[in-house]
Amino acid sequence: MALPGYDELRPRIAANLSAFRRRGALPLADGLRHAAVTVCVLQDEAGRPYTVVIRRSAHGRNAGQWALPGGRLEDGEDALAAAERELEEEVSLRGVEVAGVLDDFVTDSGFVITPVVAFGGRQRPHGDPYEVASVHPVPLERFLAPGVPRWRIDEEGRSLLQMCLGPSIVIHAPTGAILWQFAEVALRGRDLRVAGVAQPHWTRR
């Protein structure tokens with residue numbers, strides 16, 4: 001499935017998300033914390049659409065893991081405001097246009113993640129050196145490539161999702177599940193739920 005350029009793709013993504021009946025997980029169950037992340041669609045020099053994933057810094061929660069820009073909600077903050085704040089703090093993208101919201105995803109580590117999809121135009125991401133080890137652009141066509149996603153059996157006998165978005169970018173749930181739903185819902189216009197996707201044991205810390 002070939003994708004059009006950024007300007008042509010924007011209304012398609014917006015329409016697909018508008019037609020999608022998202023499932024939320026609020027109010028929070030006891031012991032869960034609320035976080036938000038952003039799949040930010042950007043435009044490269046040739047007008048092609050891409051998004052960014054990050055490697056977390058080697059310290060703190062989820063050290064070294066693949067992630068989307070995002071983090072916990074602050075007091076009095078809603079998911080959209082938190083997603084936009086974290087996007088600016090972590091990768092210097094600001095003033096984005098929110099296109100829609102995907103399903104909340106409950107993680108094994110005790111978070112409810114609200115994934116926001118937004119358009120950021122020709123801005124260029126720059127990682128915060130304290131929180132982000134590296135920033136990686138991913139062309140949106142990569143999400144639709146053969147073998148994306150793929151599935152592997154882990155040591156517990158569970159089938160694990162792997163989003164292979166580059167030569168060294170293999171992303172598991174929860175981030176991988178969010179990106180899979182983004183690909184199916186926002187790009188393909190399908191109705192996909194990912195709440196039951198298994199998470200590797202190392203994401204539980």
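Buried residues have under 20% relative accessible area. Keep that cut-off in mind while looking at this structure, which is a predicted model.

Start with the helix α2. Helix α2 covers residues 79-91, 13 residues in total. From its first C-alpha to its last it reaches 18 Å, close to the 18 Å expected at 1.5 Å a residue. Several of its residues are buried: Ala79, Ala82, Ala83, Arg85, Glu86, Leu87, Glu90 and Val91. What lies over them? The cover for the buried residues of α2 includes the strands β1, β2 (49-56), β4 (70-72), β7 and β8 (132-139). An α-helix has 3.6 residues a turn, so residues three or four places apart point the same way.

Now look at the two ends of α2. At its start, a side-chain oxygen of Asp78 comes to within 3.3 Å of the backbone nitrogen of Leu80. Just after the helix, Ser92 takes a positive phi of about 60°.

Beyond its neighbours within four places in sequence, Glu88 is in contact with Leu93 and Arg94. The side chains of Glu88 and Arg94 are joined by a polar contact of 3.2 Å. Gly127 is 39 residues away from Glu88 along the chain, yet their C-alpha atoms are separated by 9.5 Å.

Next, move to strand β7, where Thr114 is found. Thr114 is buried, because its relative accessible area is 6%. Its side chain makes a polar contact of 2.7 Å with the side chain of Asp104. Leaving aside neighbours within four places in sequence, the contacts of Thr114 include Arg22, His34, Val37 and Val101.

Finally, turn to the nonpolar residues. In soluble globular proteins, nonpolar side chains tend to be buried together. Here the largest nonpolar core has 44 residues. Ile13, Phe143, Phe182 and Leu187 touch the most other members. Elements giving two or more residues to this core include α1 (6-19), β1 (33-43), β7 (111-121) and α3 (175-187). The largest share, nine residues, comes from α3.

Terms used
Residues are numbered from 1 along each chain as its sequence is written. This is a predicted model: local features need pLDDT of at least 70, side-chain atom pairs count only at pLDDT 80 or more; totals for chains, interfaces and linings use all residues. Side-chain values use heavy atoms; hydrogens and water are left out. A nonpolar core is a set of buried Ala, Val, Leu, Ile, Met, Phe, Trp, Tyr and Cys residues joined through side-chain atoms within 4.5 Å. Buried means under 20% relative accessible area, exposed over 50%, partly exposed in between (1.4 Å probe, protein chains only). Helices (H or I, at least four residues) and strands (E, at least two) are DSSP runs, numbered from the N terminus. A polar contact is a pair of N or O atoms within 3.5 Å; within protein, one must be able to donate a hydrogen and the other to accept it, and residues adjacent in sequence count only if both atoms are side-chain atoms. Contact means heavy atoms within 4.5 Å. The expected span of a helix is 1.5 Å times one less than its number of residues.
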